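Good morning, and thank you for coming. Please look at the structure on the screen while I speak.

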Amino acid sequence: MIGLFLEGGHTCMPAITRGAALLSPDEWTVSETDSTSRAVCPGHEVSQHVVKRLEGLARENGDSTRSTTPLQVLHTLAAELPGGLPSPLYLSLRGDPVETRRRLCHPVHVFHATGALEVDSKVEVGELCGFASVTAKGSEDELTACAEAAKQSGRLAPSEPLLCLSFVCCGRRFYEEENRETLPLRLAFRDLKIGGFFAAGEIGPRPFGEAGGEREDESALMGFTSVHALLHFHGRGQVE
């Protein structure tokens, strides 16, 4: 069915969101890390990346800094958030305060004796970080930015997209409210027709608001994402 739709001249633009938003406005500077690798068999090695210490402004005195651990930050968040820590949970990183796109790391293990946190990729000293989770508001904002970028690219002009193929993670739960996953696209493209299905793992380029990796546009298997392909068929009529 999809193959029949794609046959012939068409333009395709991705609109991909995970919607990972910070759980707190507090942002910390990574002050101590440790990364090690060891060989497990010829040609293969295992790496461990640990965030040990963080520094940030003290809430009670914004002019002073305090040192803390990732575990202490998580304890504070768990006490402040209704229902405790959400799932999924990410360590959200950026290189400096002016960057808008963030790199997400998955927590792997907490060292309760030291408060350190093992994550699935290397973290550099000096990076800014906070803890984030998937939110409906974050996804709406990210999809709105996707739609605006698609319009500004000129690749879909002068016509609006006629069709959107959507692949949505079953774990997101936002679809319990009708059209929540696609509303920003429907608002941006008035006559958009949408079809697709829910999945347990999605393939596509990196979500619009995320950074990281040398080949960000290369498709990969992801989770907790909403992947949309905006399609315009050149010389075709209205899609029913």
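Predicted model: local features only at pLDDT ≥ 70, side-chain atom pairs only at ≥ 80, totals over all residues.

The protein chain has 240 residues, and 39% of them are buried. Four helices and 15 strands are found in it. The accessible surface comes to about 13300 Å², and carbon and sulfur atoms account for 53% of that area. If we take the contacts in the chain with a separation of 6 or more, 69% of them join residues 24 or more positions apart.

Let us now consider the sheet. Four strands form an open sheet, in the order S1-S15-S11-S12, and their pairing is mixed. Why is one side of S1 and of S12 left without a neighbour in the sheet? Strand S1, residues 10-17, and strand S12, residues 193-199, stand at the edges and each has a single partner strand, so one side of each has no neighbour there. From one strand to the next, the twist averages 15 degrees.

As a general point, the strands of a sheet pair through backbone hydrogen bonds, in either a parallel or an antiparallel manner. In our case, S1 pairs with strand S15, residues 226-233, in the antiparallel sense, over eight bridges. Within this pair, Pro-14 stands opposite Ala-229 in S15. Across S1 and S15 lies helix H3, residues 136-153, which runs at about 155 degrees to S1.

I come now to the two residues. Glu-27 is located in the loop between strand S2, residues 20-22, and strand S3, residues 28-41. Is Glu-27 buried or partly exposed? Its relative accessible area is 25%, so Glu-27 counts as partly exposed. The side chain of Glu-27 makes a polar contact with the side chain of Arg-94, at 2.8 Å. Apart from neighbours within four places in sequence, Glu-27 is in contact with Arg-94, Arg-102, Leu-128 and Cys-129. Glu-27 and Glu-55 are 28 residues apart along the chain, and their C-alpha atoms are separated by 8.9 Å.

Cys-129 belongs to strand S10, residues 128-134. The relative accessibility of Cys-129 is 1%, and therefore this residue counts as buried. With neighbours within four places in sequence again left aside, the contacts of Cys-129 include Glu-27, Trp-28, Val-30 and Leu-54. Val-30 is 99 residues away from Cys-129 along the chain, yet 7.0 Å separates their C-alpha atoms.

Thank you for your attention.

Methods:
Residues numbered from 1 in each chain as written. Heavy atoms only, no water. Pairing = 2+ DSSP bridges. Helix = DSSP H or I, 4+ residues; strand = E, 2+ residues; numbered from the N terminus. Axes fitted to C-alpha atoms, helices over the stretch in contact; angles between N-to-C directions. Contact = heavy atoms within 4.5 Å. Buried < 20%, exposed > 50% of the residue type's maximum accessible area, 1.4 Å probe, protein only. Areas by Shrake-Rupley, 256 points an atom, 1.4 Å probe, with all protein chains shown as cover. Polar contact = N/O pair within 3.5 Å; in protein donor to acceptor, adjacent residues only side chain to side chain.
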